[in-house]
Amino acid sequence: MPTKSSTSKIITALFLLAILINFIFFFKGNNYLITSMLIAVFSCLPFYYKYERRKPEAREIIVVAVICALAVVSRLLFAFLPGFKPIIAIIIIAGAALGKESGFLCGSLSALISNMFFGQGPWSVYQMLIWGLIGYCAGLLNQKDLLDKPVIRYSYAIICGILFSVLIDFLTVLGSGFTMAKYIALLIPALPFMAYYAISNVTFIFFLYKPFMKKLNRVKLKYGLVDEQYRV
Amino acid sequence: MEIITIKDLKFKYILNDENTLNGVNLTINEGDFVVICGDSGCGKSTLIKHLKKELTPYGTREGSIKYYNEEISAMDLYTSATNIGYVMQNPDNQIVTDKVWHELAFGLENIGVERQIIRRRVAEMANFFGIHTLFREESDTLSGGQKQILNLAATMLLQPNVLILDEPTSQLDPIAAVEFIDILKKINDEFATTIILVEHRLEEVFKVANKVIVMDQGRILAEGNQYEIAQKVKEIDENSTFFSAIPTPARVALALDLTERMPLTIKEGRRFLNYYFKQPLVTTIDKNGVELSNEVIVEMKNVYFRYVKDQDDILRGVNLKVYKNEIYCLLGGNGAGKTTTINNIAGLAKPYRGKILIDGIDVIKNKSYLDNNYLAYLPQNPTLLFSKDSVKEELESDISEETKEYLNNLIAEFKIEHLLGQHPYDLSGGEQQKVAIIKILLQHPKIILLDEPTKGLDATAKLHLANLLKDLTTKDYTIIIVSHDIEFCAQHASRCAMFFDGEVVSEDKPRIFFKDNNFYTTAAAKMSRSIFDNAILCEDVIDLCQQNLQQVK
Amino acid sequence: MREFKTFHPFVNLLYFVAVIFFTMFLTHPIFLILSFITSLIFLIKAVGLSEVKSKLLYLSVFFIVLALVNPLFVHKGATPLFYMNGNAVTLEACIYGIVFALMLISVIFWFFSFNKIMTSDKIIYVFSTFMPTIGLMISMILRFIPRFQTQLKKIIEMNKIGDNPYKSKSIIRRLGVIFKTFSILVTWAFENSIDTANTMKARGYGLKNRTTFHLYKFELRDIIFIVFIVVNLLLNIYLYFSLNMRFYYYPEISPITIDLGSIINYLSYFLLLLMPIIIEIKEEIRWKLLLSKI
């Protein structure tokens, strides 16, 4: 089965690429914003679809749902420090503990639902993809237990803190005609924020990673979720 | 016809050394209403989990469990879902989706019923259970009792032949619990659904069941209808805590050996007393309860409180006095303002009028008086305190070296050495409570506030708790309890207060308090009202009856 | 927007997708202004004037920054207004900056309205139609959130007794208690979820051929609305390309054409945008008439 599913993944990817290339030519490259938004939406779908097709068990979807709800609720708990939120750290941990697919779901659904409460915007779409990918890559990295190494763990947390601003600013600039100068001009004021997010991620990873992993592992054990198959 | 047959069932959990089930043999017939009882750890929950394939615990097993002629372990998911329903203890944990309608439809979706049929079945069931008005509500906005009824309805929608319930009322307040049992009775009567109910609160279920099973140490100790069971349990051990779980009227009759007219309900109990003790010679008990200290430790003077400026008052002139080293119980229905009162005492809410004096000091003005852990609060659910992965870590987190010695003393005193290595969530309710109380005592409080401490506890655990609390009062602690548990308060409080409509309407020693109440009182008081003067406990009634019998002789 | 809210979720979704797509796709100033005006009216009708006002301040800051960034860094365009550090600040770049900012603000407004109209139920429904498991998961998350919030409140209350650490002057102590609170919540949430998984299995979750139940009805008016959107969409795209309504800002701003064809195009686009508001007003009038007859 694994070969078949990866073939289907490649086919989906090629198909999407074809649509997007069409789009770009059709609109003569002038509508980067809408194109990128469509890319974001369409890139989320294969992940969802694959998860859907796998028919996950009750315990798997419950753990993901609990993590997403915790991620959203954590925003309230840390409300007194704006921007200082554990969501990204939680998503990284989820990916590391539950594997890449569940990691993607955790990130993506946390974004969707937290925006349902705190306001949807054009950013929601990108957020769903990027947060999803943060969880996915955490799962990918941890397939070989790489996140157990503090260096990799903290570097990853820092990258995740910067990623979102870098990308959103890029898209904003892209939308109105890309120039490097404009991009840099937008990025410079964003630098302190990026540093702040990176610090916040590192802090949360420092405090939450080990205890959270321990709790998740215990739950996995209680569910009988220890089988290797759930980490792929 | 037999619907469930268990033969020689033995079971051992992977991590345990001893068998949890030691050869259980049991037959349940179609349409039976079976109640299984026994102390925590007797194996009753493990037993009924074996009746539902998806919940069967991991471990080694011998013997057979059959549903009609089918081995339950070989049952497929569809058959299991549509034939055997299972309702658990905690109402909240069983709600899966965000809307009531979705929750009701959930099971039917799973077994692949079409939308139109779901709509009709859901409508029928919502009407039957009287939750149709809640249909479009968010499931979280329901009360505990409503949630449990929703869980029951959601399970019944799959039209099971057997309905298994694991202490479904233990988290509900008494009124909701009675309502729930009534619905079970209705299901049993109208659909002939076989019901297997695990319960330790027997007062209500005793009269509806047609078969009672008592378990002990993984075995069936006694089996039969209520009358037989009551008799058998008495024969086995009259002083067991389990005997104290039998409804008061039956216990009185058994203690007096007048069992040919064994009463189960209060009505029957009154008839029983009237029959045997028409004109009693002795009618009063001359026990006076605990001596109270003169020192007032908490005093509320005309306290008014509301959460929001434009809302109605929650507390409307509360006056109460708590003396030093007493066990003060605050009774009253849901939403009467008991918890708000406690919050006001604890400084979590601030009254807009009135005074709260602790040790004679106005703590509204001197808020810092409460800063040094003067007051401690034990929540209804002790897990609210737990964040660590073992009991040892939990207790040892943020304490100083000096307290460590004190901690070790407490651990020895409370006899929880064997629990230290375990995860706090793996403990039973009673054990969790003990750990929580130790955690609280480490802060050296003077006053301990307990919110519904008996919720979900069985008779043994309640007795342990009562002894523990009494012990604490001798060590200079003052205890304030908020509770629905009339029987517990009658037995163990030094004083009781009734809270109603935002104020304390009566406050007295339990004997006087419950004697004067006509409806909101113990089963013994209801049963012996106008026959005896001040019998409020089962023991009181038995005592008076015996005295009278002797007098007659 | 009570009335529009009662339409089938797919109608709501299709409308927003069409409108947001057009707002981002059509950079023609007339189209943009139409979209901006309607998005504002829609939002005011959907959430009330006071809430829009409260958002206005930061959105105007956002608007100004966006509008300023473009002329400062893009020096394309034929009409230089003045020179800064040797670089021309052009009229075209200024105008494009404003247009672009207007577009983003309109899209944000549309998303705000989307959030109000597409309630969680509808989002779950839309997901469930294509991906039932994901739909169920969203429903579960939405069930957990209020529950966790209640629990969080209880834990905080507990810890507040005595010297309230949540209001401590020491940030370390404050963070300490917050982490502890979170840890209690996380443990509790995971431990209790085991029961939930069991109850799902007990009620047959995991069987093949799972169906999805919902309370939405697809009525005639939904079909009409969908047909209207699709026809309008096709008409607009046809007119847009056949009349060559494509608008250029560089090197020179194209002239705004006003002839029969383009007016039809503007109007049909405006009609698409306004449809929910028209329905709303129609319903309001109907209710008033109904009441006056009694």
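These notebook entries record what I looked up in a predicted model of chains A, B and C.

**Conventions.** I number residues from 1 along each chain as its sequence is written, with chains lettered from A and ligands numbered from 1 in the order in which they are written.

**Chain A, overall.** I looked up the secondary structure and found eight helices and zero strands in chain A; helices (H or I, at least four residues) and strands (E, at least two) are DSSP runs, numbered from the N terminus. The pattern along the sequence reads α-α-α-α-α-α-α-α. Of the 232 residues of chain A, 44% count as buried. I call a residue buried if 20 or more other C-beta atoms lie within 10 Å of its own, exposed if 12 or fewer, and partly exposed in between, with C-beta atoms placed from the backbone. Among contacts in chain A with a separation of 6 or more, 70% join residues 24 or more positions apart; a contact requires C-beta atoms, placed from the backbone, within 7 Å.

**Chain A, helix H4.** I checked the length of H4(A) (residues 87–98): its twelve residues should span 16 Å at 1.5 Å a residue, and the end C-alpha atoms are 16 Å apart, which agrees. The expected span is 1.5 Å times one less than the number of residues. Twelve of the twelve residues of H4(A) are buried, so the helix is largely enclosed by the rest of the structure. Among them are A:Ile87, A:Gly95 and A:Leu98. After the helix comes A:Gly99, with a positive phi near 100°.

**Chain B against chain C.** I found 50 residues of chain B and 39 residues of chain C in the contact. On the side of chain B that touches chain C, H2 (77–83), H3 (100–110), H4 (115–128), H5 (144–156) and strand E16 (375–378) each supply at least two residues. H3(B) gives the most, with eight residues. By class, this side of chain B has 26 nonpolar, 15 polar and nine charged residues. Here Ala, Val, Leu, Ile, Met, Phe, Trp, Tyr, Cys and Pro count as nonpolar, Asp, Glu, Lys and Arg as charged, and the others, Gly among them, as polar.

**Chain C, helices H7 and H8.** I compared H7(C) (residues 132–160) with H8(C) (residues 171–202): their axes come within 10 Å and cross at roughly 135°. The pair is therefore oblique, the class left over once angles under 35 degrees (roughly parallel), over 145 (roughly antiparallel) and 65 to 115 (roughly perpendicular) are set aside. Residues of H7(C) including C:Phe148 and C:Ile155 meet residues of H8(C) including C:Ile184 and C:Trp188. The contact residues divide into nine nonpolar, three polar and no charged.

**Backbone details.** I noted a cis peptide bond from C:Tyr250 to C:Pro251, with omega near -15°; C:Pro251 is in the loop between H9 (220–242) and H10 (260–293) of chain C. B:Asn302, not a glycine, has a positive phi near 50° and lies in strand E11 (residues 296–305) of chain B. With 14 C-beta neighbours inside 10 Å, B:Asn302 counts as partly exposed. B:Asp476 also has a positive phi, about 75°, although not a glycine, and is found in the loop between H15 (459–474) and strand E18 (478–483) of chain B. B:Asp476 is exposed, with 9 other C-beta atoms within 10 Å.

How values were computed: Predicted model: local features only at pLDDT ≥ 70, side-chain atom pairs only at ≥ 80, totals over all residues. Axes fitted to C-alpha atoms, helices over the stretch in contact; angles between N-to-C directions. Contact = placed C-beta atoms within 7 Å.
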